[in-house]
Amino acid sequence: MAVQSTRGFAAYEAQRLRSKWMDRIMRVLTGAFAYFSIIVTVGITLILIYETYHFFNELAEQGISWTQIFTETEWTPLFEVPKFGVVVIVVGTLMTTIIAMVVALPIGLLSAIFLSEYAPPKLRAVLKPTLEILAGVPTVVYGFFALLVITPILQKMIPGGDAVVAGLNALSAGFVMGIMIIPLVASLSEDAIYAVPNLLREGSYALGATKFETIVNVVLPSALSGIISAFILAVSRAVGETMIVALAAGQSPILNFNPLDSVMTITAFIVQVSLGDTPTGTLPFFTIFFGGFLLFVMTLILNVLADWFVRRYRLMY
Amino acid sequence: MRTTTKFFALTAAVALTASVAGVRQVIAQTRPVVKVDGSSTVFPITEAMAEQFQKEKKGQVQVTVGISGTGGGFKKFCNGETDISNASRPILKREMEACRSKNISYIELPVAFDALSVVVNPRNNWVKQLTVAELKTMWEPAAQGKIKTWNQVNPAWPNRPLKLFGAGTDSGTFDYFTEAIVGKAKSSRGDYTASEDDNVLVQGVATDVNALGYFGYAYYEANAKRLKAVPIVNAQGKAVLPSRKTVEDGSYNPLSRPIFIYVNSESLRRPEVREFVEFYQRQGSKLIPPTGYIPLPARAYAANLDNIRRRKTGTVFGGENKVGLTIDQLMKMERIN
């Protein structure tokens, strides 16, 4: 008896030791993968900063004042008279982004409200995955959709036709980009709205509020932080989008505030340079890293903003 | 977070490409391969040749054709990585130097002529012809940010915005156009829609009344219904449209140009390379016209075959590009009668 119980204890001890080791291994393994993404992010950031430093160095070496980045209104880094007026491609990027947001934010938010507040569960079970399919369409398909479907429609609808609407224009690219971003806005804000506890809704009804009043005065304010962070994520998605704008927005490096005309975005510029065989170590080569750095700074600011917003307005329930 | 996702996707893509390339290499080892790279302008011709050649060889020989541009192609060629280099201009001095330093000698074979076409939208009703001087006013670096409307180029034209579409800075087309029009290779204004992809340029001009663009004749011919070619006033003072006839009689100048393949003379010892290059010369008159380029006279291909047989290495251009060369002048340079 006594022998048996000792053996049982030993087996139990061995098992416990195994589990302990397994635990440690899992901890190290999962940790390694978690840190991997951090290391990669830090690596990319360092490379961007390093190459951007080279960009400014190279500018100085060629006797080009860095202030022209802010004062110049032409962007022609690859040509005989290189000009680095970054405002050209920043305006292009902001224009397509703003157009996309005008499309994506209202449609996305209203769909989210419908899905979580009005749609019967069965309809929701069909609608939500369908909406998310939009997010699965490859961006190159969206690009051709803008170029070959939306642009001709715009040229028919807008008075003046193609004398006013260029064949490659910011409006068409921005519009389609907005459609692409709808599921992101809808899905994320729906999660936020859906997470508002029913207690709050019931409390509002108990006070005699209608469904509409409840949504506007209780549900939306409670979900505000989630909705805002969905919006900001959508904006950074639009800022970094490449394929649609490279295909449909025109890659025309001219300062232009007319959405019916061609624009070049930062991403489209990077595509243009990387398509050719630009020799490493030259000014045009470093310019694409400068473009990447700009994008990085823009999305970083947006993410920090989103983070701040979530912290500031998150309601605890 | 987003950057990380992208990085993962990128790594996956790279790994996938690498493994696919590996598989392809394994398959390739079982049969002889002819490696071609270089100009995207010459690509349609070499690709047509390669297809037909592989068909006739019943798949026993594989011909791969890359497009890294004339300059990029020579980089690989002079490093001994490829057997044949497609070129939309003659080999330049520094490229000759690179080849010499690696002990690579080559046979220069002109294979066809291209007519760089200047095109406008079909509903543009004001441009009847263009002079080289007018093209220069539009495209020279001094025009950057200044020449923005059609009437600034010619007062008879309307006060409409001038939207320019042209080749990207890495293409042989860009080199040739700038040299022929502005007078110096790579000297161009920068504020226009520049793309290495000619289909983008076709799309841009075809959908914009105010547009003007330039690219190789093949792309104009394939889209002739959506574009209008502009007659160019030549050195003799006559406005001439690009066509097979005007290139052959030399009247479409200065925008017609010869295009070449360069063959590594060491590779020529391998039967599959030699057979392919000879096939290229024999089929030129037949397979080149459908691609939209202008074949050389039959005697030029005969001379090429002779040069292949005699292993005549080197270039007749002396490392410089020649603008406005006609087929006749090229024949004289190559001493073909």
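For the complex, the predictor gives an ipTM of 0.76 and a pTM of 0.77.

This is a predicted model, in which local features need pLDDT of at least 70 and side-chain atom pairs count only at pLDDT 80 or more, while totals for chains, interfaces and linings use all residues. Residues are numbered from 1 along each chain as its sequence is written, and chains are lettered from A and ligands numbered from 1 in the order in which they are written.

**Interface.** In total, 30 residues of chain B are in contact (C-beta atoms, placed from the backbone, within 7 Å) with 27 residues of chain A. The table gives the elements of chain B that contribute two or more residues to this side. Helices (H or I, at least four residues) and strands (E, at least two) are DSSP runs, numbered from the N terminus.

| Element of chain B | Residues |
|---|---|
| Helix 1 | 2-29 |
| Helix 3 | 69-77 |
| Strand 7 | 193-195 |
| Helix 7 | 198-206 |

**Helix 7.** In helix 7 of chain B, 7 of the 9 residues are buried, that is, 20 or more other C-beta atoms lie within 10 Å of their own, against 12 or fewer for exposed and in between for partly exposed, with C-beta atoms placed from the backbone. Among the buried residues are B:Val200, B:Leu201 and B:Val202. Their cover includes helix 5 (139-157) of chain A, and also strand 8 (211-215) and helix 8 (217-222) of chain B.

**Cores.** A nonpolar core is a set of buried Ala, Val, Leu, Ile, Met, Phe, Trp, Tyr and Cys residues joined through C-beta atoms within 7 Å. The largest has 86 residues, of which B:Ala112, B:Tyr262 and B:Val263 touch the most other members. Strand 4 (residues 106-115) of chain B gives the most to this core, with 7 residues. A second, separate core of 75 residues includes A:Ala100 and A:Phe175.

**B:Trp150.** This residue lies in the loop between helix 5 (132-139) and strand 6 (163-167) of chain B. B:Trp150 is buried because 22 other C-beta atoms lie within 10 Å. Leaving aside neighbours within four places in sequence, its contacts include B:Trp126 and B:Trp157.

How values were computed. Contact = placed C-beta atoms within 7 Å.
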